[in-house]
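Subject: Handover of a structure

Dear colleague,

Please find the structure below, together with its sequence. My notes on it follow, and I would be grateful if you could read them with the model open.

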Amino acid sequence: MRIKRYSTPKELSHAGAALFCERVTEEKPFSVALSGGSTPKALYYLLSSSVYRDKIDWSQIDFFWGDERGVPPEHYDSNFRMANEVMLSALPVPENRIHRFEAEKPDLNNVVSEYESNLVTILGDPPIIDLVLLGMGSDGHTASLFPHSPALEEKNRWVTINPHGQLGGHRYTLTYPTLNQAKEVVFLVSGKAKANALQKVLEGEKNPKELPAQGITGNILWMIDEDAASKLENGGEFIQ
Ligand code: 6PG
């Protein structure tokens, strides 16, 4: 596990965009699982900006989502809507390379099985994603793997449904088996509100049921800003 620390959220987003540009040139086609949330959103803006967009061959990237809310694609809360509005719709990404959860469908189990078969059809079985972008909540959740939630126990399926305890409603999420077989996972964590959770996740007692981000294993890079790192004993490598 590697930790890279940046002074500000802006520098963190630029570093994330530079990493994305570097990774997608390494292999074609390239698969990415996008995260929801405000931290990755800043990165998506940058990637679709003139600073980065022309550095990337967008036709060779398969876009998946690490999780999705149980809402239609046009809904304000949709992770697809956010990434599409902020990034994908502004870029020459072929329609058949955008693989969203069809969360508008009424049969929740059908949404899961369709997404699973999509993953396997495109990536093989088991589905190995090249780059998974994840955020982390101030309760230590990641994707839609919430503390003490049923999805944490899923060891066989690649995708599952998870209730969102606090907000109600349901989410779709990649499971630990899928996330932990990815070639690389990059966490993007910014802000003081995450400092306590980040310290517990990185330096505290191992308790993934309480802190689901701890359940992510494998080739992990934590990209964090100073505010999020402010409670860490070891804040990793500081990048000027
Ligand atoms: C989502 C994300 C979720 C998010 C964290 C952090 O669907 O919202 O999958 O796990 O990454 O809640 O969100 P922020 O980056 O907005 O703090």
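Ile3 in strand 1 has Trp222 as its bridge partner in strand 9, and the two strands run parallel, joined by 5 bridges. Helices and strands here are DSSP runs numbered from the N terminus (H or I over at least four residues for helices, E over at least two for strands). Strand 1 also pairs with strand 10 in the parallel sense, over 2 bridges, where Lys4 has Glu237 as its bridge partner.

This is a predicted model, in which local features need pLDDT of at least 70 and side-chain atom pairs count only at pLDDT 80 or more, while totals for chains, interfaces and linings use all residues. Residues are numbered from 1 along each chain as its sequence is written, and side-chain values use heavy atoms, with hydrogens and water left out.

Strand 3 runs parallel to strand 2 (residues 30-34), to which 5 bridges join it; Trp65 in strand 3 is the bridge partner of Leu34.

Another open sheet has 3 strands in the order 4-7-6, with antiparallel pairing. Its edge strands, strand 4 (67-69) and strand 6 (159-163), each pair on one side only. From one strand to the next, the twist averages 20°. Strand 4 pairs with strand 7 (residues 170-174) over 3 bridges in the antiparallel sense, and Asp67 stands opposite Thr173 in strand 7. Helix 4 (residues 108-123) packs on this sheet, touching strand 6 and strand 7, where contact means heavy atoms within 4.5 Å.

The ligand

Which residues come nearest to the ligand? Of the 17 residues around it, they are Ser38, Thr39, Arg69, Ala143 and Lys194; a residue is near if one of its heavy atoms lies within 4 Å. A polar side-chain atom of Lys194 lies 2.5 Å from a ligand oxygen, one of Arg69 lies 2.6 Å from a ligand oxygen, and an N or O atom in the side chain of His141 is 2.8 Å from one. The protein buries 87% of the 420 Å² that the ligand exposes when taken alone (accessible areas by the Shrake-Rupley method with a 1.4 Å probe).

Backbone details

Ala143 has a positive phi of about 50° although it is not a glycine, and is placed in the loop between strand 5 and strand 6. A cis peptide bond with omega of about -10° joins Lys28 and Pro29; Pro29 is in the loop between helix 1 (9-24) and strand 2. The peptide bond from Asp125 to Pro126 is also cis, with omega near 10°, and Pro126 is in the loop between helix 4 and strand 5 (131-134).

The whole protein has 7 helices and 10 strands.

With kind regards

Methods
Pairing = 2+ DSSP bridges. Polar contact = N/O pair within 3.5 Å; in protein donor to acceptor, adjacent residues only side chain to side chain. Axes fitted to C-alpha atoms, helices over the stretch in contact; angles between N-to-C directions.
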